[in-house]
Amino acid sequence: LRDIPAEIISHGGSAYVYLANPKDADRATRRLRKAGLKTWRRAQVPASYHLRGSDRVGDLVALAPVGTWLSQARDSQEEISERHGRSGAHAYGPRTPSMQAWLVVLGAGQGPLGQVAAWDIAPTAARWLGVEWSQPPDGRPIPALVGRLSE
């Protein structure tokens, strides 16, 4: 996107593109797709990513193939520094098997919860702690883990 004025923030497996001129969206999308990235305008990002309504999200969202690292490094030293500072960054699709993790909650007395979305953990912990959000979070409290708090 060198000749398209934009700020690009990469997150490992994904990137947000903030365009200086919204008229460049189609041209930028074509280039990113030609490079092998799935790319959407913010309003068209699949709902499963929980990004459509957030003003933090760029004009375009680009998703790399699993195992690909999107970098802003311009040389090998910057790349080493970036990888060290962002170890564990991923941002691949939520259904990607390598993005699955274990969540163990002790003391809830509920038994197995099944699948829990990562974006629901912070709202759940906030509910436990009585934290009020200044902006709504991306997820929602997990009902099985907050239901007993109101009793």
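Let's start with one pair. D26 forms a salt bridge with R41, and their closest N and O atoms are 2.6 Å apart. A salt bridge here is a side-chain nitrogen of Lys or Arg within 4 Å of a carboxyl oxygen of Asp or Glu. This pair links distant parts of the chain: D26 sits in helix 1 and R41 in strand 3 (residues 38-41), 15 residues apart. Helices (H or I, at least four residues) and strands (E, at least two) are DSSP runs, numbered from the N terminus.

A word on the model. It is predicted, so local features need pLDDT of at least 70 and side-chain atom pairs count only at pLDDT 80 or more, while totals for chains, interfaces and linings use all residues. Residues are numbered from 1 along each chain as its sequence is written, and side-chain values use heavy atoms, leaving out hydrogens and water.

Back to our pair. The cut-offs: buried is under 20% relative accessible area, exposed is over 50%, and partly exposed lies in between (1.4 Å probe, protein chains only).

How many salt bridges are there in the whole structure? A search finds 5. Another joins D24 and R27, with the closest N and O atoms 3.2 Å apart. D24 is buried, at 12%. R27 is partly exposed, at 29%. Shared partners join D3, D24, R27 and R31 into one network.

Now the overall layout. The chain has 4 helices and 4 strands. Along the sequence, the pattern reads β-β-α-β-β-α-α-α. Of the 151 residues, 28% count as buried.

Next, the inside. In soluble globular proteins, nonpolar side chains tend to be buried together. A nonpolar core here means buried Ala, Val, Leu, Ile, Met, Phe, Trp, Tyr and Cys residues joined through side-chain atoms within 4.5 Å. The largest has 12 residues, including I4, V17, L32 and L60. Strand 2 (14-19), helix 1 (25-34) and strand 4 (60-63) each supply at least two residues of this core. A second, separate core has 7 residues, among them Y16 and W40.

Where is V104 found? V104 is in the loop between helix 2 (76-85) and helix 3 (121-129). V104 counts as exposed because its relative accessibility is 62%.
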